[in-house]
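This report is a guided reading of one structure with two chains, written for someone who is new to looking at such models. Please keep the sequence and the picture side by side while reading.

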Amino acid sequence: MAIDKVVGSFDEAVADVADGATLLIGGFAGPGECPSCLIAAVARKGAKELTIVGNLGGWGTNLFPVIRERMRNLIAFPPEFVDHGLLVERGQLKKGIFSYPDAPSPAMLMPVERAVAEGKAELELVPQGTLAERIRAAKSGIAAFYTPVGPGTIAEAGKEVRQFNGRPHLLEPALGGDFSLIRAHKADRYGNLVYRGTSRTFNGTMAGASTITIAEVDEVVELGELDSEQIITPGLYAQRVVVRPARLPPWDEPL
Amino acid sequence: MADERLDEQTMALRVAKEFQDGMIVNLGFGIPTLCSNFVPPDVEILFHTENGALGFGSIIQDPEEADIDFINAGVQPISRQAGMSLFEHAESFSMVRGGHIDLAVLGGLQVSEQGDLANWLLPGKAIGSLGGGMDLAFCAKRVIVVMAHTTKDGQLKILKRCSFPLTAPACVDLIVTDVAVMAVTPQGLVLQEMAPGWTAEEVQSLTEPRLILSPQLKPIELL
């Protein structure tokens, strides 16, 4: 039986995302790097009590048109774009572990801000580099590490502080998940991945940091088409690969 | 009555005079981003962005020409440039935490005379965002804060102690405002430059800690 990690549909790819799962969701803040189809599939499946780890808190569908309009002169968000704010809006979040949960304007309230204010979800706020390194540690089998970032700030709360080289450091635990949902550009059937531009971001970091990593890609190519010298994520880090359509359908349509 | 305050472009121009050949520079949101327009012509620097690019080109102004897979941390489209490298997020912050960023230019809500920076939690908000600012404030070799000297309603922002939660203690090296340039030193804040037409007394009246006057005190150059 040949190795083939390509899965036929997004719904099939997330079928075992159970209630209570921890999801590392890739992307940063722009439209290119977000695994929108995987997120939509988790929304359709309706798994609840999720812990979601990511950079942003997520715009969701209510705020998205506002953002799309506001960003119009900078960058075009596809009309059917969704991010994990959709899962927050639909009450699927129990706990968010984010670096940038709030809206950049005081006039807006992200879904996670609303959920926390209403007591429906918890939030853990993490400096972005610490978040990335905690994920990398999980992928790498490192249980915890000391970082110089955070002593004397909110990030210190509840952490061990230890001096190294005359400087205080915080002990930060690894942060892995049950599923990493990531966006990549191309894959082959071994799960080797390459990314486009700055879309590598947290996607490249989260690949391999969960029991199951699922990659949403533009294209699956034949073995050998990806140059071994240029493969960014070696195939052992990805368990499933799904091809996304060129044009995103509405999030609630089976895909 | 003091003279006019500098506009954001002029503040950015002043910050960019700190760019030195070969530097790796990270620019935060807002006014810091504008600094990329004022790199001195005889200086070659590489810009780093948290989401994973080093040595990228200018910000693309026409959304028709933008590529959604090439953005900076402010979600502005960036142009590709020869020599640019791309990387994932943990690598990007190894660069930050490992002390490989020569200069971070950040915005500020409050700065103390010890160089403490508060810039992540807006007053009245229950939830704020740390983003990459905390990592940069702690670990960049040099930190410049560029901000208005006071809030829109006249509240002081340069204080003996910050009242807002800190981004990082004792991290700021230089403060550039619409009124003055001040260095953070072990002795306190040293007033080095003032906007044209301003007096040291006028700057002091908008600044809580006592300012030490530099022997080389001079007007901010606007060119």
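This is a predicted model: local features need pLDDT of at least 70, side-chain atom pairs count only at pLDDT 80 or more; totals for chains, interfaces and linings use all residues.

## Strands, helices and the contact between the chains

In chain B, a hairpin made through two residues joins β11(B) to β12(B).

Another sheet of chain B is open and consists of three strands in the order β7-β6-β9, with mixed pairing. Because β7 (117-118) and β9 (158-159) of chain B each have a single partner strand, they stand at the edges, and one side of each is left without a neighbour in the sheet. Strand β6 (residues 110-112) of chain B is joined to β7(B) by two bridges, and these strands run antiparallel; B:Val111 has B:Leu117 of β7(B) as its bridge partner.

| Strand pair | Bridges | Direction |
|---|---|---|
| β6(B) and β7(B) | two bridges | antiparallel |

The next topic is the contact between the chains. In total, 46 residues of chain A are in contact with 40 residues of chain B. On the side of chain A that touches chain B, the elements that give two or more residues are β3 (93-100), α5 (111-117), β4 (122-125), α6 and α7 (201-206) of chain A, and α6(A) gives the most, with six residues. The residues on this side of chain A divide into 23 nonpolar, 16 polar and seven charged.

Which helix of chain B packs with helix α6 (residues 128-140) of chain A? The partner is helix α3 (residues 89-97) of chain B, and the two pack at an angle of about 125 degrees with their axes 8 Å apart. That angle makes α6(A) oblique to α3(B), and the crossing is left-handed. From α6(A) the contact is made by A:Gln128, A:Gly129, A:Ala132, A:Glu133, A:Ile135 and A:Arg136, while α3(B) contributes B:His89, B:Ala90, B:Phe93, B:Val96 and B:Arg97. These contact residues divide into five nonpolar, three polar and three charged.

Helix α3(B) is largely enclosed by the rest of the structure, because seven of its nine residues are buried. The buried residues of α3(B) are B:His89, B:Ala90, B:Ser92, B:Phe93, B:Met95, B:Val96 and B:Arg97, and they pack against elements of both chains, namely α6, β5 (144-147) and α7 of chain A together with β2 (46-49) and α4 (133-139) of chain B. Just after α3(B), B:Gly99 takes a positive phi of about 80 degrees.

Finally, one residue of chain A may be considered by itself. A:Gly235 lies in the loop between β12 (219-220) and β13 (240-243) of chain A. Leaving aside residues up to four places away in sequence, A:Gly235 touches A:Tyr190, A:Gly191 and A:Asn192. A:Gly235 and A:Asp188 are 47 residues apart in sequence, and their C-alpha atoms are 8.3 Å apart in space.

Definitions and conventions
Residues are numbered from 1 along each chain as its sequence is written. Chains are lettered from A and ligands numbered from 1 in the order in which they are written. Helices (H or I, at least four residues) and strands (E, at least two) are DSSP runs, numbered from the N terminus. Two residues are in contact if their C-beta atoms, placed from the backbone, lie within 7 Å. Axes are lines fitted to C-alpha atoms, for helices over the stretch in contact, and angles run from 0 to 180 degrees between N-to-C directions. Angles under 35 degrees count as roughly parallel, over 145 as roughly antiparallel, 65 to 115 as roughly perpendicular and the rest as oblique. A crossing is left-handed if the near helix is turned anticlockwise from the far one by less than a right angle, and right-handed if clockwise. Ala, Val, Leu, Ile, Met, Phe, Trp, Tyr, Cys and Pro count as nonpolar, Asp, Glu, Lys and Arg as charged, and the others, Gly among them, as polar. Two strands pair if DSSP finds at least two bridges between them. A residue is buried if 20 or more other C-beta atoms lie within 10 Å of its own, exposed if 12 or fewer, and partly exposed in between; C-beta atoms are placed from the backbone.
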